[in-house]
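Please read the following note alongside the sequence and the model. It is arranged as numbered points, each of which may be checked separately.

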Amino acid sequence: MLKCYLIRHSMTYGNTLKRYIGITDESLCPEGIQLLKGKEYPRCERLYASPLKRCIETAEIIYPGQEMILVPELGECNFGEFENKNYMELSDNPNYQRWIDSNGMLPFPGGESREDFQKRSVEGFRKLVHNCIKEHISSAAFVVHGGTIMSIMEVFARPHRSYYECQINNGEGFELELYSDEMVNYWKLFSMK
């Protein structure tokens, strides 16, 4: 059995402004660093992270000194022309209105489609899980992005949860128990308080 901890990075300045922060490589803001102080996260044998600063910095704070493997497939979605903007800044953008009307199913103009993003995230996660099981690793933490977690959970969570039902706050995560790279036996949300 492999325990996986899917942990969303802590806050960035763009997060505080409710911006779409995908490929923008922001560091944690002071509030984001403070959010992680004094909290205990589950220990792990293997640590994976998205190669973006906010995930690396989060992983360094919650798993100090632990070797970290950076995985490009676990990076956040490319939001294209919506990147680093919030809904107020996009309110007059007709492409944004079309995307909203599609319930987030249209590809981001100049960016990734949800389908391509989810495929990338899930294939990357599945490959890492397979390697952990093959190497008899019993616990692995994945410090990644909200969208990455939503993509993985929509595929693996049982009972099934939709993409948008898997949203979590900065610094929170899901714990999953897997017996193969396909079968989730159990999962739960954990919130670090």
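1. Basis of the note. The model is predicted; local features need pLDDT of at least 70, side-chain atom pairs count only at pLDDT 80 or more, and totals for chains, interfaces and linings use all residues. Residues are numbered from 1 along each chain as its sequence is written, and side-chain values use heavy atoms, with hydrogens and water left out.

2. Secondary structure. The chain contains 7 helices and 6 strands. Both kinds of element are DSSP runs numbered from the N terminus: helices are H or I runs of at least four residues, and strands are E runs of at least two. In sequence order, the pattern reads β-α-α-β-α-β-α-α-α-β-α-β-β. The chain is as compact as a globular protein of 193 residues, because its radius of gyration is 16 Å, close to the 16 Å from the globule rule. That radius is taken over C-alpha atoms, and the rule is 2.2 Å times the number of residues to the power 0.38.

3. Extent, cover and surface. The C-alpha trace spans about 50 × 35 × 25 Å along its principal axes. Of the 193 residues, 50% are buried. Here buried means under 20% relative accessible area, exposed means over 50%, and partly exposed lies in between (1.4 Å probe, protein chains only). The chain exposes about 9500 Å², of which carbon and sulfur atoms supply 51%; accessible areas come from the Shrake-Rupley method with a 1.4 Å probe, and for residues only the protein chains shown count as cover.

4. Contacts along the chain. Among contacts with a separation of 6 or more, 68% are between residues 24 or more positions apart. A contact means heavy atoms within 4.5 Å.

5. Strand β1 and its two partners. Two strands pair if DSSP finds at least two bridges between them. Strand β1 (residues 2–8) is joined to β5 by 6 bridges, and these two strands run antiparallel. In this pairing Leu2 stands opposite Leu178, while Ile7 has Gly173 as its bridge partner. Strand β1 is mostly covered, with 6 of its 7 residues buried.

6. Strand β5. How many residues of β5 (residues 173–178) are buried? The count is 6 of 6. Gly173, Glu175 and Glu177 point one way from the strand, and Phe174, Leu176 and Leu178 point the other way.

7. Helix α3. In helix α3 (residues 53–62), the buried residues are Arg54, Cys55, Ile56, Thr58, Ala59 and Ile62. They pack against β1, α2 (30–36), β2 (46–49), β3 (69–70) and β4 (139–144).

8. Two loop residues. Lys18 has a positive phi of about 60° although it is not a glycine. Lys18 lies in the loop between α1 (13–16) and α2, and is exposed, with a relative accessible area of 61%. His136 likewise has a positive phi of about 60° without being a glycine. The loop holding His136 runs between α6 (114–134) and β4; His136 is exposed, with a relative accessible area of 70%.
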